[in-house]
Amino acid sequence: MTRHSDPTQVQLTADGRLKHFLTTEGLSKELLTEILDLADSFISTQERAVKKVPLLRGKTVVNLFFENSTRTRSTFELAAKRLSADILNLDIARSATSKGETLMDTLWNLEAMYSDMFVVRHADSGAAHFIAEQVTPGVAIINAGDGRHAHPTQAMLDMLTIRRHKGKIEGQTIAIVGDILHSRVARSQIHALKTLGAKEVRVIGPATLVPKEMKDLGASIYCNMEKGLTDVDVVIMLRLQKERMSDALLPSEGEYFKLYGLTEAKLALAKADAIVMHPGPINRGVEIDSAVADGKQSVILNQVSYGIAVRMAVMAMAMSGQVAEQQALSNKNSEHDDTKTTISGATV
Amino acid sequence: MNTSVSDLPDPEALYQQLALDVKQFIASKNLQQPLIIGIRTGGAWLAQRLQKELALPELGILDISFYRDDFDERGLSAHAKGSDLPDSIEDRDIILVDDVLMSGRTIRAAMNEIFDYGRPTSIQLVCLLDIGQRQLPIQADVVGAKIELIAGQKIKLSGPDPLALTLG
């Protein structure tokens, strides 16, 4: 898919507010922190008797998943519902596109149904960015994973997990272990971690699954897991993406587990209070031992709860940015209108 | 009456009187252990002081950002911090505190939010200033002072220590 513009710019309004959420790359520390702070408030609203807030009441969100997903899609669905939006789940793999309709035709049809936001997952890198460029102004696009490029909401829920369990991101040493090559999550994590002030980001995996350009992103590369895990504060395990492994990049799953599977013995090399994270779904006995996945240091299930709050936060912020941009546009158009009244009062 | 800066009441004196009035109000209504809830940010400052002064065990802070009715005009406030209420507000008498009462929309939003936490027995409204211009059928039970502003004028409480009123 062709990229026409810088995704960092496409996702921001003229005054720097989020209006789409496509990538963590290039976003400021302030904006990433604003997402985390807002997500924190949404964690508290979900602990109430009534979990919904009326923020996006009357808005329509469409889950546009060109690739399979259970967790991400259902947490986006719950997030939209807890913001009081109406949500439509479109299993696009089984619908119009398989009948020959182009991506943009599908999108324009959905726009004609007065949709306000599209949550897009696509196998092609840059798909969400492409859609954000084409979509009618006022409609927000949230990237739920595009090819090997980015999975920004997953990265932000991981940032929230680290912040909530370790207190802060600044000064932490984080190891990301596994199939870095096929991982859009790892790329989004590294960008966010660097911006938010992590001390060191290590990527650990077999040379065939750790691309050299990770160095350019600011991460240090380790092929030896024992060395890489020494004294880290956070261990993020990635899923072995069997469905993406068409080339023979690995000898066998058993061999992989021996070298890069997280066991209690390997985890003991990390700091005593290190936390273990995994974006799920986990392959027990392939990349992580059950004793670790279910162990004291594991925060894997907390990540799922935080995922809803983070998705609520970016949906609310992107919709808010779209609203502000549309409002600024209409104010500009009526600038000469002297009859415009000013609303007074500190509180309304 | 048009208000100028010199006409503005001293908020500290106003607060002292308000605290006495609230105490008397609680006694007259025979409210047992009411729960004070302040609306961010000005109302929260007042509520914090009232809670101490009235020696009440609990305090709630309400952030109505997610409940405003003008999302389609203004979007979400960048200062949304979330609310902090006690575990249960079921069957409680609530004293809701805000700094300036104008259209009544903030209070409507606050009441909607409170009901998402549970069903209180009653809600009483306390405001430092009532500047009129109501757009909803909402009135305060205890008010520090009523003033009129000229069209387009804004009033802001800053604080918490000391409290100050500014016209804009």
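Predicted model: local features only at pLDDT ≥ 70, side-chain atom pairs only at ≥ 80, totals over all residues.
1. P162(B) sits in the loop between β6 (155-158) and β7 (164-167) of chain B.

2. Confidence. The model has an ipTM of 0.82 and a pTM of 0.88. Chain B has an average pLDDT of 91, and 96% of its residues score at least 70. Among the elements of chain B, strand β1 (residues 35-39) has the highest mean pLDDT, 97. Helix α3 (residues 71-74) of chain B has the lowest, 86.

3. Another cis bond. R40(B) and T41(B) are joined by a cis peptide bond, with omega about -5°. T41(B) is found in the loop between β1 and α2 of chain B. For background, most peptide bonds are trans.

4. Positive phi. Most residues other than glycine have a negative phi. D91(B) is not a glycine, yet its phi is positive, about 60°. D91(B) belongs to the loop between α3 and β3 (93-101) of chain B. D91(B) counts as exposed because its relative accessibility is 55%. Q133(B), also not a glycine, has a positive phi of about 60°. Q133(B) is placed in the loop between β4 (122-130) and β5 (142-146) of chain B. With 38% relative accessibility, Q133(B) counts as partly exposed.

5. The contact between the chains. Chain A and chain B bury about 2,400 Å² between them. Of that area, 58% is on carbon and sulfur atoms. The two chains have 3 salt bridges between them.

6. R48(A) at the contact. Follow this side chain across to chain B. R48(A) forms a salt bridge with D116(B), at 3.6 Å from N to O. The charged end of R48(A) also sits over the ring of Y117(B), 4.8 Å from the ring centre.

7. Aromatic pairs. Over all chains, 2 aromatic pairs are counted. Why is the pair of F42(A) and F66(B) called stacked? The ring planes of F42(A) and F66(B) are at 20°, and planes under 30 degrees apart count as stacked. The ring centres of F42(A) and F66(B) are 4.4 Å apart. F42(A) lies in helix α2 (residues 29-45) of chain A, while F66(B) lies in the loop between β2 (59-62) and α3 of chain B, so the pair joins two chains. Both F42(A) and F66(B) are buried.

8. The pair within chain A. The rings of Y256(A) and Y260(A) have planes at 40° and centres 5.7 Å apart, so this pair is tilted. Y256(A) and Y260(A) belong to helix α9 (residues 253-260) of chain A. They are 4 residues apart, about one turn of the helix. Are Y256(A) and Y260(A) buried or exposed? Both are buried.

9. Salt bridges overall. Side chains of opposite charge can pair when their charged atoms come close. The structure has 21 salt bridges over all chains. One of them pairs E170(A) with K29(A), at 3.0 Å from N to O. This pair links distant parts of the chain, 141 residues apart. E170(A) is in the loop between α6 (152-166) and β5 (173-177) of chain A, and K29(A) is in helix α2 of chain A. E170(A) is partly exposed, at 33% relative accessibility. K29(A) is partly exposed too, with a relative accessible area of 33%.

10. R49(B). R49(B) meets E12(B) in a salt bridge of 3.0 Å, N to O. The pair links distant parts of the chain: E12(B) is in helix α1 (residues 11-29) and R49(B) is in helix α2 (residues 42-53) of chain B, 37 residues apart. R49(B) also has its charged end over the ring of Y15(B), 4.3 Å from the ring centre. R49(B) is partly exposed, with a relative accessible area of 22%.

11. D70(B) and R74(B). These two side chains form a salt bridge, with the closest N and O atoms 3.5 Å apart. D70(B) is buried, because its relative accessible area is 8%. R74(B) is partly exposed, at 48%.

12. Which residues are joined into one network by salt bridges that share partners? They are D37(A), D40(A), R163(A) and R164(A).

Notes. Residues numbered from 1 in each chain as written. Chains lettered and ligands numbered in written order. Heavy atoms only, no water. pLDDT = per-residue confidence, 0-100. Phe/Tyr/Trp six-rings, centres within 6.5 Å; stacked < 30°, edge-to-face > 60°. Buried < 20%, exposed > 50% of the residue type's maximum accessible area, 1.4 Å probe, protein only. Lys NZ or Arg CZ within 6 Å of the ring centre and 35° of its normal. Buried area = accessible area lost by both parts, 1.4 Å probe. Salt bridge = Lys/Arg side-chain N within 4 Å of Asp/Glu carboxyl O.
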